[in-house]
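Dear colleague,

I am handing over the structure below, followed by an account of what was found in it. Please read the notes alongside the coordinates.

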Amino acid sequence: AEHKRTSQELVRRGINHMNARDYCTAVKDFDGVLLLIVDPGELPGLEASLSNDTSLVSGTIDINALALHPLYVIELREQCKRKQKAQELQKLGEIAFKAQDWAKAVELFLEALSYDPDNAKIKDEEVLAEKYKRSEELKKLGDTQVAAEKFEDALGSYRTALSLNPN
């Protein structure tokens, strides 16, 4: 009975972590449940889900059973790995950003988004790095235009550059 209560609590926590997109913690919770379960009948629907892979897509099984389905836990592990990779790339992008290597920052943020496309913070960082990159390109263009004595064009390039990056 104690195992059942603990298992149910871990499943509840795992589902909450999953809904919060904290896949790594959800996997730990579900792994804890799998270690506690002696009898698959301890959670409603678990035995059926383990023997019927189509129940994953049919939506007819208990959410507790679905959360413990081996294929589902494997998918959560993959999502966890993708989030971790995105976080690593994001940190590298932030380092490039601080070094004012805008092109590298954009590249790293875009790669991070390929692993975690819904991450709003990475999206915001990528947009800002892109603006600063474009500003730098426009400043260089303005310098080239000044050297060619195209002062009106240069003024337009510098104004646009400043609007993108006032620093």
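In this predicted model, helix 7 and helix 8 pack with their axes 8 Å apart and at an angle of about 155 degrees. Because an angle over 145 degrees counts as roughly antiparallel, helix 7 is roughly antiparallel to helix 8, and the crossing of helix 7 past helix 8 is left-handed. On the side of helix 7, the contact is made by residues including Trp102, Val106, Phe109 and Leu113, while helix 8 contributes, among them, Ile122, Ala129, Tyr132 and Lys133. Sorted by class, this contact has eleven nonpolar and six charged residues, and no polar ones.

The aromatic residues deserve a separate paragraph. The structure holds three aromatic pairs, one of which is formed by Phe97 and Tyr132, stacked at 5.6 Å centre to centre with 25 degrees between the planes. Phe97 belongs to helix 6 (residues 70-98) and Tyr132 to helix 8 (residues 120-147), so this pair ties together parts that are 35 residues apart in sequence.

Tyr132 also pairs with Trp102: the ring centres are 5.0 Å apart and the planes stand at 80 degrees, so this pair is edge-to-face. Trp102 lies in helix 7 (residues 102-115) and Tyr132 in helix 8, which makes this a link between distant parts of the chain, 30 residues apart.

Taken together, Phe97, Trp102 and Tyr132 form one aromatic cluster.

Terms used
Residues are numbered from 1 along each chain as its sequence is written. This is a predicted model: local features need pLDDT of at least 70, side-chain atom pairs count only at pLDDT 80 or more; totals for chains, interfaces and linings use all residues. Side-chain values use heavy atoms; hydrogens and water are left out. Rings of Phe, Tyr and Trp (its six-membered ring) pair if their centres lie within 6.5 Å; planes under 30 degrees apart count as stacked, over 60 as edge-to-face and the rest as tilted. Helices (H or I, at least four residues) and strands (E, at least two) are DSSP runs, numbered from the N terminus. Axes are lines fitted to C-alpha atoms, for helices over the stretch in contact, and angles run from 0 to 180 degrees between N-to-C directions. Angles under 35 degrees count as roughly parallel, over 145 as roughly antiparallel, 65 to 115 as roughly perpendicular and the rest as oblique. A crossing is left-handed if the near helix is turned anticlockwise from the far one by less than a right angle, and right-handed if clockwise. Contact means heavy atoms within 4.5 Å. Ala, Val, Leu, Ile, Met, Phe, Trp, Tyr, Cys and Pro count as nonpolar, Asp, Glu, Lys and Arg as charged, and the others, Gly among them, as polar.
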